[in-house]
Amino acid sequence: RMHQIDLFMKNPNEVQREWFEELIQSARNTEWGTKYNYSKIETEQQFKESIPVQSYDDLKPYISRIMAGEQNVLWPTETRWFAKSSGTTNDRSKFIPVTREALEECHYKGGKDMLSIYCDKYEDTQVFTGKTLMMGGSSQSIDPNIDSYQGDLSSIIIRNLPFWAEIRRTPDQETALMKDFEKKLERMTQITANENVTSLSGVPSWMLILLNKILASKGIHTIDKIWPNLEVFFHGGVSFTPYKGQFEKIITHPKMRYMETYNASEGFFGIQDLSTENELLLMLDYGIYYEFVPVGEWENKFPKTLSLDEIEIGENYALLISTNAGLWRYKIGDTITFTSKYPFRIKVSGRTKHFMNAFGEEVIIDNAEQALDFASKFSNAVIDEYT
């Protein structure tokens, strides 16, 4: 796999072009593909001129029909799983389609690549001698007759894990998918405290709650005494910067490593492949075609979008994605900046909604988090939680 990663690092535009053609070809006979004449689209420019940018509210009528059992609407293969995601739309929750292709070619591939990159970087790793502690959400059935359900992406991933991943994971599936969060914490504390955990995977804020509960149950102050072989925390979902001090306080092993990923209900986008914090390799062969929207174009239906070779380092771009889950020119609401070209590495800078530019100040949430980190260090404070 490292050879394949090396290939897309060296030939990024070619790989993206191949995926663009694959996506258009796959969806040409869907309802969406018929509506927008996918059979006539041959170039990326034609695609950009034909399809307006989609928000969740734009796609919601199609997704609602798929959730009711209709198929071949946005994507040709059967779609039965929907990742529930809190978002910045008018609804309290979004339901993002998760196809078998998205699960295999994107989310699971991201997990495997995370391990591939880690093992390539740290050849002395003993991570496979123990178990990975994964914190998952819950899910509920939509229609048991067709095995359709909605819930947190983590629950969809855990429910469908291949056997080689399931045997290396703790706690058991029943515990991991419990709906009652307090009861789940209790069970996870009892089970995982007695396992040989070598890696952690999850959202920093949730993971801290669990680790502190385990420490309290044992009456000790450091996780090293419970899991002496723990060596890495694969984290994502929120900025790690405000939480890092708390992790270093309870995990004191000098060789403990932290590796960031950038994944969401809509897809798996980046993995930290260097020692530099917040700098992630943009993964280009996951069934996702990327477009990058400059600041002044964010609200346009047909914005001027840039391809990889047109971007500039240090500028803020909104992400537009077209994916093998049937999301077309979909605005996920995240903003990124590029830290390098060839290979393309990115830094998540915030959300399009978390942006102030009333007087040309261009303040994004990343500025606020850096300021929070600076103020904490300056005043010798540790941030417990923030909003």
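**First stop: Leu308**

Select Leu308 and show what it touches (heavy atoms within 4.5 Å): leaving out residues up to four places away in sequence, you get Pro12, Asn13, Gln16, Leu282, Leu284, Phe292, Phe338, Lys341 and Phe344. Bear in mind that this is a predicted model, where local features need pLDDT of at least 70, side-chain atom pairs count only at pLDDT 80 or more, and totals for chains, interfaces and linings use all residues. Numbering starts from 1 along each chain as its sequence is written, and side-chain values use heavy atoms, with hydrogens and water left out.

Leu308 sits in the loop between strand 12 (288-294) and strand 13 (316-323); strands (E, at least two residues) and helices (H or I, at least four) are DSSP runs numbered from the N terminus.

**Next: helices 10 and 11**

Now select residues 181-192 (helix 10) and 204-218 (helix 11): their axes come within 10 Å and cross at roughly 60°. The axes are lines fitted to C-alpha atoms over the stretch in contact, with angles from 0 to 180 degrees between N-to-C directions. Show side chains at the meeting point: Leu185, Glu186, Met188, Thr189 and Thr192 from helix 10 meet Ile209, Leu210, Lys213, Ile214 and Ser217 from helix 11.

**Last stop: Ile167**

Jump to the loop between helix 8 (163-166) and strand 6 (169-170), where you'll find Ile167. Ile167 counts as exposed because its relative accessibility is 55%.

Methods
Buried means under 20% relative accessible area, exposed over 50%, partly exposed in between (1.4 Å probe, protein chains only).
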